[in-house]
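Thanks for coming. I have one structure today, and I will go from the overall picture down to a few side chains. Please look at the sequence and the model as we go.

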Amino acid sequence: MDQREQRRMISNRESAKRSRMKKQKHLDDLMTQLSQLRSENNRVVSSISMITQHYVSLEAENSVLTARVTELGHRLRSLNEIIEFMKQQQQVVDTGSWFPDEHYGGSGADLIDSVSCVYSCQPIMTSIDMNIMY
């Protein structure tokens with residue numbers, strides 16, 4: 001072998017060695033990137049899990065509150081009906097036209113006042129669920 005072939009062979013070996021080193025460095029970089037991406041993926045999955053749990057919790061709370069709004073709406077309508085009824089009763093008492101005087105000997109308003117007082121002092125019954133404080 002002459003000197004020129006020998007230099008060429010050494011140059012080729014060094015070039016191949018550089019190529020293998022470059023390839024190994026690229027492989028190491030890819031492995032590092034893979035590790036980082038897996039770590040980030042785990043953080044994202046964990047975050048999604050926590051957000052999903054929070055969403056389910058909020059959805060359940062929203063269902064409870066929606067039911068409560070519906071229940072309170074019904075209760076409000078009932079109370080408004082009671083108030084309207086009481087106003088009508090008060091109008092009857094004020095006019096004294098419910099019980100004619102000739103049947104009861106005197107103003108019917110006295111009797112109505114005593115009856116409406118008894119009923120207006122009665123508590124409004126609610127279910128036990130309505131009394132729970134949130």
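This is a predicted model, so confidence comes before anything else. The mean pLDDT of the protein is 83, and 71% of its residues reach 70 or more. Helix α1 has the highest value, with a mean of 95, while helix α2, residues 101–104, has the lowest, with a mean of 50.

Next, the layout. The protein has three helices and zero strands. Read from the N terminus, the order of elements is α-α-α.

Helix α1 covers residues 3–95.

Now the surface. How much of the protein is buried? Of the 134 residues, 7% count as buried, where buried means under 20% relative accessible area. Within α1, the buried residues are R68, Q89 and V93. The accessible surface of the whole protein comes to about 12,000 Å², and carbon and sulfur atoms account for 58% of that area.

L27, M31 and L34 make a nonpolar surface patch. Together, these three residues have about 270 Å² of accessible area. L27 belongs to helix α1, and its relative accessible area is 44%. Exposed would need over 50% and buried would need under 20%, so L27 is called partly exposed.

Last, the charged side chains. How many salt bridges are there? The count comes to one salt bridge. K25 pairs with D29, and the closest N and O atoms of the two are 3.2 Å apart. The cut-off for a salt bridge is 4 Å, so this pair qualifies. Both K25 and D29 sit in helix α1. They are four residues apart, which is about one turn of the helix. D29 has a relative accessible area of 41%, so D29 is partly exposed as well.

Notes
Residues numbered from 1 in each chain as written. Predicted model: local features only at pLDDT ≥ 70, side-chain atom pairs only at ≥ 80, totals over all residues. Heavy atoms only, no water. Patch = residues over 30% accessible without salt bridge, like charges linked within 9 Å, V, L, I, M, F, W, Y side chains within 5 Å. Areas by Shrake-Rupley, 256 points an atom, 1.4 Å probe, with all protein chains shown as cover. Helix = DSSP H or I, 4+ residues; strand = E, 2+ residues; numbered from the N terminus. Buried < 20%, exposed > 50% of the residue type's maximum accessible area, 1.4 Å probe, protein only. pLDDT = per-residue confidence, 0-100.
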